Amino acid sequence: MARIFKNKPGLRSCTGFMYSRRSVLFPSTSTRSIETLAFEEARSPSHKPVADYSALVLHGLMGSARNWRSFSRNLASSLSAFSPPSDWKMVVVDLRNHGRSAGLSGLHPPHDIPSAANDVANLVKSQGWSWPDVVLGHSMGGKVALQYAMSCARGDYGTSAKLPKQLWVLDSVPGIVNPEETSGEVEKVLETLQGIPKTIPSRKWLVDYLINLGFSKSLSEWLGTNLKKSGEHETFAFDLDAIIQMFDSYREMDYWPLLEHPPKGMEIVIVRAENSDRWDPHVTRRLESLDKKRGDESEGKVSVVVLPKSGHWVHVDNPKGLLEIVIPKMASLA
């Protein structure tokens, strides 16, 4: 598949947050000699020094940890109130070239899905955490999650690495993405951003500029959240060329073999948004056949769930519905 643009390097940071009983985030910092991804933590209300279970949450292309902050807080809090209650730590990650991990020097090219998954494994090891029980990934983050599981099963992360018990892939097509079968919206956004000056007068200027080009107000405002102050102007927090390289990798990676033979002891849950424009009929039929497949105990399981009343932005369009799907399954691990 042809690449749409050129690339560059980037990346790092390490700041965590604790979720309190009053829904307040308390910052805590950690200094390590190993450069790792930026992250935030959301904890179930608990007096335990260490949570019983943990989950990693991975955002999509041009997203960041803060996009999933509210959802992760609500998920941790809801699990603590579920019957039986369980104590969870949610680690919400800024993937390479995104959020507070953008512009850091420790994460080297290639900027692709395998490298992004390796970053996640390195974060777990560098912090001395237990390997996560659950990994949730949205859009591009869904493919990072799939790669993480595949690499973990192959032993790429060392003999100490343990597979997650559940892997959630949120509105992310698991196979090769044919640009002729998509709306082309992401490609249009990236082409447009390439033509914008490196210094931007203001966030309002960018939002108005994008709206005038025909992009929706919500998309334009969301892209504006990726700006950071640079003197009297604004610049994008991410390295656009590296973002493009990650998008190319997202389109090219194929995880159907993993879904056809999931590792023993792991359930892969594919959540397809009802109104998402990312799914072709042949892909949904293939997923449904895997969902109905009766495997033996030598392999894991694939489940497919449709999230109603939602487009691709599942955590924004129907967060309550997504929580209602995720909570019982995660609670079943307790």
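## Report on a predicted model: core, sheet and selected residues

Leaving aside neighbours within four places in sequence, L259 is in contact with L146, P174, I268, I270, L287, L290 and V302; contact means heavy atoms within 4.5 Å. This is a predicted model, in which local features need pLDDT of at least 70 and side-chain atom pairs count only at pLDDT 80 or more, while totals for chains, interfaces and linings use all residues. Residues are numbered from 1 along each chain as its sequence is written, and side-chain values use heavy atoms, with hydrogens and water left out.

### Nonpolar cores

L259 belongs to the largest nonpolar core, a set of 67 residues in which M62, L193, L259 and I268 have the most contacts. A nonpolar core is a set of buried Ala, Val, Leu, Ile, Met, Phe, Trp, Tyr and Cys residues joined through side-chain atoms within 4.5 Å. Buried means under 20% relative accessible area, exposed means over 50%, and partly exposed lies in between, with a 1.4 Å probe and protein chains only. In soluble globular proteins, nonpolar side chains tend to be buried together.

### The sheet and its helices

Seven strands form an open sheet with mixed pairing, in the order β3-β5-β4-β6-β7-β10-β11. Its edge strands, each pairing on one side only, are β3 (39-43) and β11 (301-307). On average, neighbouring strands of this sheet are turned by 15° against each other, direction ignored. Strands (E, at least two residues) and helices (H or I, at least four) are DSSP runs numbered from the N terminus, and two strands pair if DSSP finds at least two bridges between them.

The pairing of β3 with β5 (residues 88-93) is antiparallel and extends over five bridges. Within it, E40 has V92 of β5 as its bridge partner. Helix α2 (residues 113-127) lies across β3, β4 (53-58) and β5, and runs at about 145° to β4. Helix α11 (residues 319-331) also packs on the sheet, where it touches β4, β5, β6 (134-138), β7 (166-170), β10 (267-273) and β11. The direction of α11 makes about 165° with that of β7. For these angles, axes are lines fitted to C-alpha atoms, for helices over the stretch in contact, and the values run from 0 to 180 degrees between N-to-C directions.

D119 is placed in helix α2 and is buried, at 6% relative accessibility. Not counting residues up to four places away in sequence, D119 touches L37, R96 and L107.

### Backbone features in loops

Two cis peptide bonds can be described. One joins S83 and P84, with omega about 0°; P84 is found in the loop between α1 (69-81) and β5. The other runs from P109 to P110, with omega near 5°, and P110 lies in the loop between β5 and α2.

M62 has a phi near 60°, a positive value in a residue other than glycine. M62 is placed in the loop between β4 and α1 and counts as buried at 5% relative accessibility. S139, likewise not a glycine, has a positive phi near 55°. S139 lies in the loop between β6 and α3 (140-154) and is buried, with a relative accessible area of 8%.

### Aromatic rings

A search of the whole structure finds eight aromatic pairs. Rings of Phe, Tyr and Trp (its six-membered ring) pair if their centres lie within 6.5 Å; planes under 30 degrees apart count as stacked, over 60 as edge-to-face and the rest as tilted. Two of the stacked pairs are given below.

| Pair | Centre to centre | Angle between planes |
|---|---|---|
| F236 and F238 | 5.0 Å | 15° |
| F247 and Y250 | 6.4 Å | 20° |

F236 counts as buried at 15% relative accessibility, as does F238 at 7%. F247 and Y250 are both buried; they lie in helix α7 (residues 240-252), three residues apart, about one turn of the helix.

Charged side chains also lie over rings. K143 is over the face of Y250, at 4.8 Å from the ring centre, and the charged end of R286 sits over the ring of W256, 4.1 Å from its centre. A charge sits over a ring if NZ of Lys or CZ of Arg is within 6 Å of the ring centre and within 35 degrees of the ring normal.
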